Amino acid sequence: MMDDNKQFKPLKLYFTVEQGDFIRAGEASSKIKKVLSQLGFPGSLIRRVAIAAYEAEMNIVIHSWGGELEAEIGPEHVTIVARDRGPGISDIALAMEEGYSTAPDKVREMGFGAGMGLPNIQNCATEFIIESGEGRGTVLRILIAVKE
Amino acid sequence: MLLRDICDWLQGEVLTGREKMGMEVQGVCASDLMSHVLANAGEKVLLITGLNNLQVVRTAEMSDIEAIIFVQNKRPAPEVLELAEEKHLLTILTPYSMFTTCGILFKNGLRCGLDDGR
Ligand SMILES: Nc1ncnc2c1ncn2[C@@H]1O[C@H](COP(=O)(O)OP(=O)(O)OP(=O)(O)O)[C@@H](O)[C@H]1O
Ligand SMILES: [Mg+2]
C-alpha cells in the first residue's frame with residue numbers, strides 16, 4: 001500500500017462511545033487498529049494511533065457524558081477526533097499536567113486515573129489540539145504523521 | 001526468555017493463547033496503572049498485573065503486548081478470557097504475589113521492559 005500512495009483513498013471511520021460502558025470501552029480503538037493493520041501501515045504508527053485513540057476513548061467513557069470517536073486515515077497521516085457532550089475541562093493546562101486526575105476511586109481500582117492519558121496522547125501525536133471549557137463538550141484533534 | 005520457561009518458574013496455569021508459549025520476551029512491565037503501561041512499555045514485553053479486568057486485555061492489545069501474567073490467582077472472568085483469546089494473547093495465572101513473581105523472574109535474568117529500561 002505504501003508504494004502506491006496515489007491510489008490510496010482517505011478512509012473515515014466513525015464510532016459512538018458511551019459514558020461508563022467499561023465493557024465496550026476500547027472497541028472503537030481496537031477497530032481502528034485493525035483497519036490500519038489491514039491497510040499495511042507500519043507497526044510503530046499503528047501503535048501510536050491505537051494508544052492515542054484508546055486514551056481518548058477511555059477519557060470519554062470515564063470523564064464525559066458520552067461522545068464519539070472518528071478516525072480519518074490517509075496515506076500521509078491519521079487523524080483521530082474525539083468529541084463529547086460535556087461537562088468539559090475548565091483548566092486545560094492543569095488537565096495536561098502529568099499526575100493530575102479527577103477520576104473517582106471506582107475508576108482508579110480498574111487501573112485508570114494516573115493522570116497520564118492526555119500527556120500520553122501528546123507524546124504519540126504529531127499535532128494535538130484540545131478544545132474545551134466548562135459547560136461545553138471537549139474536542140480532541142490528534143494528528144499522527146505516517147513518516148516521523 | 002521463553003514464555004514456556006517463565007510459565008514453569010511461576011507454576012503458572014495457561015488460560016489462553018497456549019500457541020504463544022514458544023515466543024520470546026525481552027523485558028517485563030509490572031504495573032496496575034494502565035496509562036503507565038500504555039506510555040512506557042517497550043517492545044516484546046511481558047505484562048505482570050494485579051488487575052484482571054477487560055481493560056488489561058485492551059491495554060495489552062493497544063501496546064502490542066502479547067503475554068500477560070495475572071498474579072495471586074486473580075483469575076479473570078470468562079468474558080475477559082474470551083477477549084484475550086480473540087486477540088491471541090497468552091494469559092497465565094500464577095499463585096505468587098506481584099513481589100514474588102517479579103523476584104523469580106529477576107533472579108532468572110529478566111529485566112525491566114519499560115522504555116527507559118530502569
Ligand atoms: N473528555 C473529558 N471530559 C472532561 N474532563 C476530562 C476529559 N478528558 C480528561 N478530562 C480531565 O482531565 C484529567 C486528566 O486526564 P488524563 O487522561 O490525563 O488522566 P486520567 O484520565 O485522569 O487518568 P489516566 O488517563 O492516567 O487513566 C481527568 O482526570 C479529567 O479531570
Ligand atoms: Mg485518561
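A salt bridge is here a side-chain nitrogen of Lys or Arg within 4 Å of a carboxyl oxygen of Asp or Glu. In this predicted model, in which local features need pLDDT of at least 70 and side-chain atom pairs count only at pLDDT 80 or more, while totals for chains, interfaces and linings use all residues, side-chain values use heavy atoms, with hydrogens and water left out. Residues are numbered from 1 along each chain as its sequence is written, and chains are lettered from A, with ligands numbered from 1, in the order in which they are written.

Across the interface of chain A and chain B, one salt bridge is found, in which the side chains of Lys33(A) and Asp64(B) meet at 2.8 Å, N to O. Contact (heavy atoms within 4.5 Å) involves 23 residues of chain A and 22 residues of chain B. The buried area, defined as the accessible area (1.4 Å probe) that two parts lose on being put together, summed over both, is about 1,800 Å², with carbon and sulfur atoms giving 54% of this area. Of the area that chain A buries against chain B, 30% is supplied by Arg47(A), Tyr54(A) and Met116(A), more than by any other three residues.

Lys33(A) is also one of the buried residues of helix α1(A), together with Ala28(A), Ser29(A), Ser30(A), Ile32(A), Val35(A) and Leu36(A), where buried means under 20% relative accessible area (1.4 Å probe, protein chains only). Helices (H or I, at least four residues) and strands (E, at least two) are DSSP runs, numbered from the N terminus. The buried residues of α1(A) pack against β1 (11-17), α2 (43-63), β2 (67-73) and β3 (77-84) of chain A, and also against α3 (54-62) of chain B. Just after α1(A), a positive phi of about 85° is adopted by Gly40(A).

In chain B, five strands form an open sheet of mixed pairing in the order β1-β5-β4-β3-β2, two strands being paired if DSSP finds at least two bridges between them. The edge strands, each pairing on one side only, are β1 (13-16) and β2 (27-30) of chain B. β2(B) pairs with β3 (residues 45-49) of chain B in the parallel sense over four bridges, and Cys29(B) stands opposite Leu47(B) in β3(B). Helix α5 (residues 98-107) of chain B packs on the sheet, where β2, β3 and β4 (67-70) of chain B are touched, and its direction makes about 155° with that of β3(B); axes are lines fitted to C-alpha atoms, for helices over the stretch in contact, and angles run from 0 to 180 degrees between N-to-C directions. Helix α4 (residues 78-86) of chain B lies across β1 and β5 (90-93) of chain B, at about 75° to β1(B).

Terms used. Buried means under 20% relative accessible area, exposed over 50%, partly exposed in between (1.4 Å probe, protein chains only).
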